[in-house]
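Here is a short report for a reader who is meeting this structure for the first time. Please keep the sequence and the model in view while reading.

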Amino acid sequence: LDKWSATDGDSYVLSINNGTVVINGETTIIANDEGNKAFAFDACDYDGYEGAPTVTVDGATIEGNIEVTGGTLALDAGTVNGALVYTSGAVTKDAVEIAAPEGYEWNAEGELVESKPLPSGTITLNTATLELKSEVFLNIYATPSDFDGDVEFETQMGLLVWNASDYDADNAVFGTQTYYTEGATYNSSNGRWATKTNGIPAKELSEERYMRVYVRLADGQYVYSKVTNYSPEKYALDRLKNSKDEDLKRLMIAMLDYGAEAQVYFDNYNIGDLANSQVTDAMRQAVSYGEYSSEYLTTLGTVDANKVGDFGTRDKVNCPGVNPTLTLKGKISLNYRFRFAEGVTGITDAKFFLWTAEDYANATTLTEENATYTVKMDLEEDGRYLGSYTEGSAKSLGETVYICGVVTTENGTYTSGVIAHSGFAYAKDRIENGTGTIVTLMQDVVCYGHYAEIYFAD
């Protein structure tokens, strides 16, 4: 159908007012060039006809605009080189590319629906800081403003995070991120909201993340801040250049040294961008940074036999190596493995109780109820039970913790007895008895813990 010559003000090459019509195959409709309204075809619920028309485009080529006023239009397949002019009715599309009219949008099912009003509110990024717990976290601060209605920023605000390989500047929206975190904390002193990343392993301190703060509105729409890119290394270098706090500077150097050595230890991870590559000798000398010394190692506490209570009087499990280790891949965690005696069968529960130095000191007698943490242990393939303590921090690596493994069986409860341990105790053993990169890694771990303890002393 090639145009239509008559132009009395309106021009419809094909006007469909009733019935069911399928425009398919090799059909081509070319709209007129003239007239106030020049359409290739319309689907119109026209007075005088019984029922509105149903029109399906399935493989045809449409050169020109399409009008829908009360009919049903399904754009299943084909090509449309024109606009959709819509007043009322139902329109869907599948494999046809055509823009939605102003005020409308295509939903996920390909249905033409009214556009949601643009969300109100803006989010202004403020600062980024570093948090040193069992992992390193980046804290991103933002200030929301001009939001309509009630918004619970504490629960509706969060942070989108992209690794460099996942980031697309043209499509940095919810659903494309490497991961996201939910929730924000209000700082009443400056009126800002803090969001945070997941924990960042030591070997990834030099890697930049792309981040933007979001607010999820009640209607499901999102408001975004600008995107910022940052890394723990960038924060540390900024502090080394601009801070006047020498304790903080020494801690930043120790952290970057630890991160770089972790990169080497874990199979030369991203070795071309070592975390401490921009730390100069002048920076170290300016704050009298001291390398590893055995004097940094704190003294391990001892177990008082008078306060072990039932943990000392129960039948002890044969533990030929309550095997303590330190994990550094993700969180800094203390791991304990227990191998129970061959005669211990029918195990129904395995766990260990842990007391921090403070809770141990405050306890007259150790009990399950006054333990700081209760950690479930899982059976490994080698027959040992493994549990991990992950609640420590860099500054607590030298602090003694007290642990006791307990196993419940069909015949009774057994205990490993109470032992004292610390992150530094493991590091000391590896420094004195290990070989290769584990030695230098543990030395840097000790420095990191040592300077963190000093900085956070107050």
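Predicted model: local features only at pLDDT ≥ 70, side-chain atom pairs only at ≥ 80, totals over all residues.

## The nonpolar cores

The largest nonpolar core has 63 residues. Within this core, Met252, Met255 and Tyr448 touch the most other members. Several elements give two or more residues each. The strands that do so are S10 (122–132), S11 (136–145), S12 (157–163) and S16 (209–216). The helices are H2 (232–242), H3 (246–265), H7 (423–433) and H8 (437–455). H8 provides the largest share, 10 residues.

Take Met255 as an example. Leaving out residues up to four places away in sequence, Met255 touches Leu130, Leu132, Val136, Leu205, Pro232, Ala236 and Tyr448. A second core is separate and holds 24 residues. Ile16, Ile23, Ala43 and Leu73 are among them.

## Helix H2

Which residues of H2 are buried? They are Pro232, Glu233, Tyr235, Ala236, Leu237 and Leu240. The cover over these buried residues includes S10 and S11. It also includes strand S18 (228–230), H3 and H4.

## Lys307, buried without a salt bridge

Lys307 sits in the loop between helix H4 (281–286) and helix H5 (310–313). This lysine is buried, yet it has no salt bridge. How far away is the nearest side chain of opposite charge? That side chain is Asp304, 5.5 Å away. A salt bridge needs the charged atoms within 4 Å.

What does Lys307 contact, apart from its neighbours within four places in sequence? The list is Tyr360, Ala361, Ala363, Thr364, Thr365 and Leu366.

## Val113, partly exposed

Val113 belongs to strand S9, residues 112–114. Its relative accessible area is 25%, so Val113 counts as partly exposed. Beyond neighbours within four places in sequence, Val113 is in contact with Gly103, Tyr104, Glu105 and Asn107.

Ile29 lies 84 residues from Val113 along the chain. The C-alpha atoms of the two are separated by 26 Å.

## Aromatic pairs

How many aromatic pairs does the whole structure hold? A search finds 24. One of these pairs, Tyr46 and Tyr49, is tilted. The centres are 6.2 Å apart, with 55° between the planes. Tyr46 is partly exposed, at 47% relative accessible area. Tyr49 is also partly exposed, at 45%.

Tyr336 and Phe352 form an edge-to-face pair. Here the distance is 5.5 Å centre to centre, and the planes make an angle of 80°. Tyr336 lies in strand S20 (residues 333–338) and Phe352 in strand S21 (residues 347–355), so this pair ties together parts that are 16 residues apart in sequence.

## A ring cluster and charges over rings

Ring pairs also build a cluster. Its members are Phe174, Tyr180, Tyr214, Tyr222 and Tyr224.

Two lysines sit over aromatic rings. The charged end of Lys93 is placed over the ring of Trp106, 5.5 Å from the ring centre. Lys203 lies over the face of Tyr269. In that case the distance to the ring centre is 4.6 Å.

How values were computed. Residues numbered from 1 in each chain as written. Heavy atoms only, no water. Core = buried A, V, L, I, M, F, W, Y, C linked by side-chain atoms within 4.5 Å. Buried < 20%, exposed > 50% of the residue type's maximum accessible area, 1.4 Å probe, protein only. Helix = DSSP H or I, 4+ residues; strand = E, 2+ residues; numbered from the N terminus. Contact = heavy atoms within 4.5 Å. Lys, Arg positive; Asp, Glu negative; His and termini not counted. Phe/Tyr/Trp six-rings, centres within 6.5 Å; stacked < 30°, edge-to-face > 60°. Lys NZ or Arg CZ within 6 Å of the ring centre and 35° of its normal.
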